[in-house]
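Here is a guided walk through one protein chain, written for someone meeting a structure like this for the first time. Keep the picture open beside you and find each part as we come to it.

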Amino acid sequence: MNHIVHIDEVSKSFVTERGLAVAALEKASLGIGRGEFVCIVGPSGCGKSTLLRIISGLERADGGQTTYNDRPLDRPHRDVGMVFQEYSVLPWRTVRDNVCLGLEFLEEKKAARIELAMHYLGLVGMTRFAEAFPYELSGGMRQRVAIARALATDPQVLLMDEPFGALDAHTRILMQKELLRIWRETRKTVILVTHSVDEAVYLADRIVVMTSRPGRIREVIDVGLGHPRDRSNPEYARLTARILDMLEEEVVAAGEF
Ligand SMILES: Nc1ncnc2c1ncn2[C@@H]1O[C@H](COP(=O)(O)OP(=O)(O)OP(=O)(O)O)[C@@H](O)[C@H]1O
C-alpha cells in the first residue's frame, strides 16, 4: 500500500514534575494509506494522544521518525489538521469566524476566508449557525464547528483525538454517522483516537490496538465490514469482543487492575 503517513519506531519519554521518567511510547511503527480511516485504541495512558501529537508535529519524538509523503513530520504541517476532544472553539468568535481561524494563519484574503468557511459549515450542516456564538450551541454542534475549522485549510490528513468523548451517547452515534459522510465526501485520511471500541469498529477500515504503557503497536486489525455498519451483525460483535479481550489482557498484564 502507498502510505501517506509513516510512523517508524517512534519512542517518547516524559519527565514528570517530580523528576521521574515516564516512557510513553516505545518503538511504535505503523503505515497509513491515503484515504484510510484508522482508529487507535489502547489502555488509558498508553500513549495514544502522544502518538497523535507527534504525527501532528506538536510534539517531538525522542527516537524514530514520522513522515508525510516521505518527508519528515517534525513540525506542524498544513496538510495535517487536528480536532481535539475539548471544544477548542474560541468563545468570543462567531461560528464563522472560528472556522476562519486557520485560514487567517494562512493569510487568505477575507472574502476567500468567508467563502471557504461557509463551504465547510455547509459540509458539516451548520450554515444556519454561522453568526451564532459557541455558547449558543450544543456539544455536538461545537464539535461540528471544530471539524469544519480543521477541514477549512484543506488538510489531507485529519487527526482526531477522542473527538466525541464529551458527547452524550445519542449525539455521539449521530456524529459518527456525520463523520463517515464527511470522510466519504472529502476523501481525507483520518486517524482517530478513541476510548470506545464500539466507535472504532463502527468507523474504521483498520483498528490499531496499542499495548499498555510504554505504548507499542500490539495488533493492527482489518475490519473488513462495509458501511453502513450494523451493530447487531455477529461479526461486528465478535470483533468488538476480541478487541475488548485484548485491552483487558493489557490492563491485567500491566498490573493496573
Ligand atoms: N507533557 C507531559 N509530561 C509528563 N508526562 C506526560 C506528558 N504527556 C503525557 N504524559 C504521560 O505519558 C503517558 C501517555 O500519555 P497520553 O496522554 O499519550 O496517553 P493516552 O493513551 O492518550 O491516555 P488516555 O487514554 O488516558 O487519554 C501518560 O502516562 C501521561 O501521563
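## Helices, domains and a ligand

Let's begin where Leu 116, Ala 117, Tyr 120, Leu 121 and Leu 123 of helix H3 meet Ala 148, Leu 151 and Ala 152 of helix H4. Sorted by class, this contact of H3 with H4 has 8 nonpolar residues, and no polar or charged ones. Please bear in mind that what you see is a predicted model.

How do two such helices lie against each other? Two packed helices are described by the angle between their axes and the distance between the axes. H3 covers residues 110-123 and H4 covers residues 139-152; their axes come within 9 Å and cross at roughly 130°. The two helices H3 and H4 are therefore oblique to each other. The crossing in which H3 passes H4 is right-handed.

From H2, the contact is made by Val 95, Arg 96, Val 99, Cys 100, Leu 103 and Glu 104, and from H3 by Arg 113, Ile 114, Leu 116, Ala 117, Tyr 120 and Leu 121. In the contact of H2 with H3 there are 9 nonpolar residues, no polar ones and 3 charged ones.

If you look back at H3, you will find Leu 116, Ala 117, Tyr 120 and Leu 121 named in its contact with H4 and also in its contact with H2.

**From H4 to H5**

Are H4 and H5 roughly parallel or oblique to each other? Their axes come within 11 Å and cross at roughly 20°. Angles under 35 degrees count as roughly parallel, and H4 and H5 are therefore roughly parallel to each other. H4 passes H5 in a right-handed crossing. On the H4 side, the residues are Gly 139, Gly 140, Gln 143, Ile 147 and Leu 151, which meet Thr 171, Leu 174, Met 175, Ile 182 and Thr 186 of H5. By class, the contact of H4 with H5 has 5 nonpolar, 5 polar and no charged residues.

| Helix pair | Axes come within | Crossing angle |
|---|---|---|
| H3 and H4 | 9 Å | roughly 130° |
| H4 and H5 | 11 Å | roughly 20° |

**Two domains**

Now step back to view the whole chain. Its domain assignment gives domain 1, made of 3-79 + 156-254, and domain 2, made of 89-154. The C-alpha centres of domain 1 and domain 2 are 25 Å apart. Where they meet, 12 residues of domain 1 are in contact with 10 residues of domain 2. Which helix gives the largest share of the side of domain 1 that touches domain 2? It is H5 (residues 169-186), with 6 residues. By class, this side of domain 1 divides into 8 nonpolar, 2 polar and 2 charged residues.

**Around the ligand**

There are 13 residues around the ligand, and Phe 14, Ala 24, Lys 48, Ser 49 and Thr 50 come nearest. Strand E2 (21-33) and helix H1 (48-56) each supply at least two residues of this shell. H1 gives the most, with 3 residues. The shell divides into 4 nonpolar, 7 polar and 2 charged residues.

**Backbone details to look for**

Most residues other than glycine have a negative phi, and most peptide bonds are trans. With that in mind, find Lys 27 in strand E2. The phi of Lys 27 is near 45°, a positive value in a residue other than glycine.

Next, look for two prolines. The peptide bond from Arg 213 to Pro 214 is cis, with omega near -5°, and Pro 214 sits in the loop between strand E9 (206-210) and strand E10 (217-222). The peptide bond from His 227 to Pro 228 is also cis, with omega near -5°. You will find Pro 228 in the loop between E10 and helix H7 (234-253).

Technical notes. Residues are numbered from 1 along each chain as its sequence is written. This is a predicted model: local features need pLDDT of at least 70, side-chain atom pairs count only at pLDDT 80 or more; totals for chains, interfaces and linings use all residues. A residue is near a molecule or strand if its C-beta atom, placed from the backbone, lies within 6 Å of it. Helices (H or I, at least four residues) and strands (E, at least two) are DSSP runs, numbered from the N terminus. Ala, Val, Leu, Ile, Met, Phe, Trp, Tyr, Cys and Pro count as nonpolar, Asp, Glu, Lys and Arg as charged, and the others, Gly among them, as polar. Axes are lines fitted to C-alpha atoms, for helices over the stretch in contact, and angles run from 0 to 180 degrees between N-to-C directions. Angles under 35 degrees count as roughly parallel, over 145 as roughly antiparallel, 65 to 115 as roughly perpendicular and the rest as oblique. A crossing is left-handed if the near helix is turned anticlockwise from the far one by less than a right angle, and right-handed if clockwise. Two residues are in contact if their C-beta atoms, placed from the backbone, lie within 7 Å. Domain bounds come from an automatic or database domain assignment.
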